[in-house]
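The sequence and the structure come first.

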Amino acid sequence: MNLEKELLTHYAPPERGDEPPYLYPAYGSTVLRAPQRPLILLPHTLSELTGPVYGHNAIGETDNDLTRQHAGEPLGERIIVAGRVMDEDGRPLRNTLVEIWQCNAAGRYRHVVDDHPAPLDPNFTGAGRALTNDRGEYQFVTIKPGAYPWRNHANAWRPAHIHFSLFGPCLITRLITQMYFPNDPLMPFDPISQSIPERARQRLVSNFDLSLTQPDWALGYRFDIVLSGREATPMETHAHGERT
Ligand SMILES: [Fe+2]
């Protein structure tokens, strides 16, 4: 098999099934942006499949610790979020760039379109990144994000969540999803998470992990990510993600 064929096979689009549909009327924005005609599959070209690439030196020392990126510590509940990135056979995926973004403890994003009346935190940007190690593991230290209102429907609130982006070896391997927290009472009322088939939705809920919890310092939540296969983590790369 020549290189191009091998790459094209390797990056074949994932089978749909556990991903949210393009059109989910309860999630208002999907009505406007869902395609109205059948999709046409455009084959990727070799230049898309081979680059660009990034180097290790781009990752800074505090990039995976969102509580140490400013002069002081952010307000809120300090948490550790860690997990493994795996393929469908449970093999670790090393050197995967994991990026996260989130609102602060009050539910406010540091973003121009977020103008809801909750305070910004001068010590919290809400963005971080890490590379997985040889065991496919990543780890972040951050602040538990708050719930925030949005304008999808009357009295609409997003459950607490952290946005995740994963990059494989090239740009078209970017995958985006959201991590939720266990037992969040807002989830049943959230059309973004409810748009994901129930069998897969639970894979987006992190697990509280006492072994990851550090005494007198921070609670630990474990969030493993499976990139393909029957147990794949649902991704929103195509359907969602307009909200920062
Ligand atoms: Fe969000």
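Four donors count as tetrahedral if all angles lie between 85 and 135 degrees; four count as square planar, and six as octahedral, if opposite donors are over 155 degrees apart and all others are between 65 and 115; anything else is irregular. Donors are N, O and S atoms within 2.8 Å of the metal (3.2 Å for Na, K and Ca), and because water is not among the atoms, sites may look incomplete.

The model is predicted, with local features requiring pLDDT of at least 70 and side-chain atom pairs counted only at pLDDT 80 or more, while totals for chains, interfaces and linings use all residues. Residues are numbered from 1 along each chain as its sequence is written, and side-chain values use heavy atoms, with hydrogens and water left out.

**Iron site**

The iron ion is coordinated by Tyr109 (OH), Tyr148 (OH), His161 (NE2) and His163 (NE2), at 1.9 to 2.3 Å. Angles among the four donor atoms range from 92 to 157°, and the site is irregular. Along the chain the donors of the iron ion follow the spacing Y-x38-Y-x12-H-x1-H. Tyr148 in strand E5 (residues 148-150) and His161 in strand E7 (residues 161-167) are 13 residues apart, and this pair links distant parts of the chain. Strands (E, at least two residues) and helices (H or I, at least four) are DSSP runs, numbered from the N terminus. Tyr148 and His161 are both buried, where buried means under 20% relative accessible area, exposed over 50%, and partly exposed in between (1.4 Å probe, protein chains only).

**Overall content**

The protein has five helices and eleven strands. Of its 244 residues, 43% are buried. The accessible surface of the protein is about 13600 Å², and 55% of it belongs to carbon and sulfur atoms; these areas come from the Shrake-Rupley method with a 1.4 Å probe, and for residues only the protein chains shown count as cover. Among contacts with a separation of 6 or more, 70% are between residues 24 or more positions apart, a contact being heavy atoms within 4.5 Å.

**Cores**

A nonpolar core is a set of buried Ala, Val, Leu, Ile, Met, Phe, Trp, Tyr and Cys residues joined through side-chain atoms within 4.5 Å. The largest has 32 residues, of which Tyr138, Phe164 and Ile225 touch the most other members. Strands E1 (78-86), E2 (97-101), E4 (137-143), E7 and E8 (175-180) each supply at least two residues of this core. Not counting residues up to four places away in sequence, Phe164 touches residues including Val81, Ile100, Trp101, Tyr138, Leu175, Met179, Phe223 and Ile225. A second, separate core has five residues, among them Ile80, Val141, Leu212 and Ala218. In soluble globular proteins, nonpolar side chains tend to be buried together.

**Strand pairing**

Two strands pair if DSSP finds at least two bridges between them.

| Strands | Sense | Bridges | Bridge partners |
|---|---|---|---|
| E1 and E4 | antiparallel | seven bridges | Gly83 and Tyr138 |
| E2 and E3 | antiparallel | five bridges | Ile100 and Gly128 |
| E2 and E7 | antiparallel | five bridges | Leu97 and Phe167 |

Trp101 stands opposite Ala127 in E3. Strand E3 (residues 127-131) has a covered face, Gly128 and Ala130, and an uncovered one made of Ala127, Arg129 and Leu131. In a regular strand the side chains alternate between the two faces of the sheet. E4 is largely enclosed by the rest of the structure, because five of its seven residues are buried.

**Loop residues**

Glu19 lies in the loop between helix H1 (3-10) and helix H2 (28-33). Its relative accessibility is 16%, so Glu19 counts as buried. Glu19 and Met235 are 216 residues apart in sequence, yet their C-alpha atoms are 6.0 Å apart.

Gly60 is placed in the loop between helix H3 (46-50) and E1 and is partly exposed, with a relative accessible area of 31%.

Most residues other than glycine have a negative phi. Asn155, in the loop between E5 and strand E6 (156-158), has a positive phi of about 55° although it is not a glycine. Asn155 is exposed, with a relative accessible area of 68%. Asp216, in the loop between strand E9 (207-208) and strand E10 (219-222), also has a positive phi, near 60°. The relative accessible area of Asp216 is 85%, so this residue is exposed.
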